[in-house]
Amino acid sequence: QEKLASLGQLAAGVAHEINNPVGFINSNLTMLAKYTDRALQLIHHMEQTIESQHDEAAIAELNKARTAYKYKYLKNNIMAVIDESLEGVDRVKQIVQDLKNFSRIDEAEWQWADIHAGIESTLNIAWNEIKYKAEVHKEYGELPNIECVPSQINQVIMNLLVNSAHAMEEPGNIYIRTSSQEDKITIQVEDDGSGISDDIIGKIFDPFFTTKEVGKGTGLGLSLSYGIIKKHNGELTVVSTPGKGTVFTIVLPVSRNHSDHKAA
Ligand SMILES: Nc1ncnc2c1ncn2[C@@H]1O[C@H](COP(=O)(O)OP(=O)(O)OP(=O)(O)O)[C@@H](O)[C@H]1O
Ligand SMILES: [Mg+2]
């Protein structure tokens, strides 16, 4: 189970790989724009040269060629085509950057992190998936920074939020609550979606268990999330009422050392 990379890490890995080709597509397109501009100027210069010779046959030939190659259309559109491509590349660059920020692939290690900041960036990433399905209510308490692998905690919150959004048969509500207790913190994601029936609630943390149609879910979200929280010495639990909604609760120790002491 731990060997399976989370979807977020996979996406970030792919994003990392995309960076390189996007980089040279970008610089090549920029160069192509310059070269094209020069080629157009050269053609313009040649046209003027031919026209200034007052050679009727040559001018007729030139006009024939202009028509055959749809030159007027080409001249008017070629720069716009390149500019649009550059815009597209810019957008890909932005997406790659967002993905990298989200998973913080460059610093995928234990550190003291602000959970609320992680929730906010996760909400930004998941927003398209959520916005038409649910209203998000934030009920944040006071939280200390906690020692964790932030990209992985973000991944868990992402999975819970997307699951909640998917559980909405009609637009509903998602509540994100945080609080702290002594040497622990609690994060809750509650929804008023479909709920989970008793006969499947025991299986939802199993790898590949899904009730979603093919292509919609892999059934890995919760099993990965469970693994991540366990690695953090925390707990991930669920309480659900069919037809009413579901509450997932994450409890995490504030520091790694502290829980080691306890275990020892
Ligand atoms: N908030 C929820 N409300 C109702 N059912 C849920 C909720 N969260 C999870 N489930 C149920 O648990 C199943 C397993 O969830 P899990 O996140 O592991 O996989 P998935 O969402 O189906 O697919 P994936 O997350 O891999 O895209 C879901 O298919 C769904 O039936
Ligand atoms: Mg899921």
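Is Glu120 buried, exposed or partly exposed? At 29% relative accessibility, Glu120 is partly exposed; buried stands for under 20% relative accessible area, exposed for over 50%, and partly exposed for what lies in between (1.4 Å probe, protein chains only).

This is a predicted model, in which local features need pLDDT of at least 70 and side-chain atom pairs count only at pLDDT 80 or more, while totals for chains, interfaces and linings use all residues. Residues are numbered from 1 along each chain as its sequence is written, chains are lettered from A and ligands numbered from 1 in the order in which they are written, and side-chain values use heavy atoms, with hydrogens and water left out.

**Figure 1. The whole protein.** The protein contains 8 helices and 7 strands; helices (H or I, at least four residues) and strands (E, at least two) are DSSP runs, numbered from the N terminus. Of its 264 residues, 37% are buried. The accessible surface comes to about 16100 Å², and carbon and sulfur atoms account for 53% of that area. Such areas come from the Shrake-Rupley method with a 1.4 Å probe, and for residues only the protein chains shown count as cover. Among contacts between residues at least 6 apart in sequence, 73% join residues at least 24 apart, where contact means heavy atoms within 4.5 Å.

**Figure 2. The kinked helix H4.** Helix H4 covers residues 115-130 and has a kink of about 40 degrees centred on Asn124. The bend at a residue is the angle between axes fitted to the seven residues ending there and the seven starting there. Asp114 caps the N-terminal end of H4, with a side-chain oxygen 2.9 Å from the backbone nitrogen of His116. Buried residues of H4 include Ile115, Ile119, Leu123 and Ala126. An α-helix has 3.6 residues a turn, so residues three or four places apart point the same way.

**Figure 3. Glu120 and its partners.** Glu120 belongs to helix H4. Leaving out residues up to four places away in sequence, Glu120 touches Lys138 and Tyr140. The side chains of Glu120 and Lys138 are joined by a polar contact of 3.1 Å. A polar contact is a pair of N or O atoms within 3.5 Å; within protein, one must be able to donate a hydrogen and the other to accept it, and residues adjacent in sequence count only if both atoms are side-chain atoms. From C-alpha to C-alpha, Glu120 and Asn154 are 9.4 Å apart, although 34 residues separate them in sequence.

**Figure 4. Thr178 in strand S4.** Thr178 lies in strand S4, residues 172-181, and is buried at 5% relative accessibility. Its side chain makes a polar contact of 2.8 Å with the side chain of His116. Beyond its neighbours within four places in sequence, Thr178 is in contact with several residues, among them His116, Ile119, Tyr140 and Ile187.

**Figure 5. Glu147 in strand S3.** Glu147 is part of strand S3, residues 146-148, and is buried at 15% relative accessibility. A polar atom of the Glu147 side chain lies 2.8 Å from the backbone nitrogen of Arg256. With neighbours within four places in sequence set aside, the residues in contact with Glu147 include Trp110, Trp112, His232 and Asn257.

**Figure 6. The largest pocket.** The largest pocket has a volume of about 1200 Å³. Of the 42 residues that line this pocket, the closest to its centre are Asn159, Val162, Asn163, His166 and Lys212. H5 gives the most to the lining, with 8 residues. On a 1 Å grid over the protein atoms alone, a cavity is a set of points where a 1.4 Å probe fits but cannot get out, and a pocket is an open set with protein on both sides within 12 Å along at least five of seven lines; lining residues have an atom within 4 Å of a point. Grid points are joined across faces, edges and corners, and a volume is the space filled by probe spheres set on the points.

**Figure 7. Two loop residues with positive phi.** His54 is not a glycine, yet its phi is positive, at about 55 degrees. His54 is placed in the loop between H1 and helix H2 (56-68) and is exposed, at 64% relative accessibility. Glu182, also not a glycine, has a positive phi of about 40 degrees. Glu182 lies in the loop between S4 and strand S5 (184-191) and is exposed at 85% relative accessibility.
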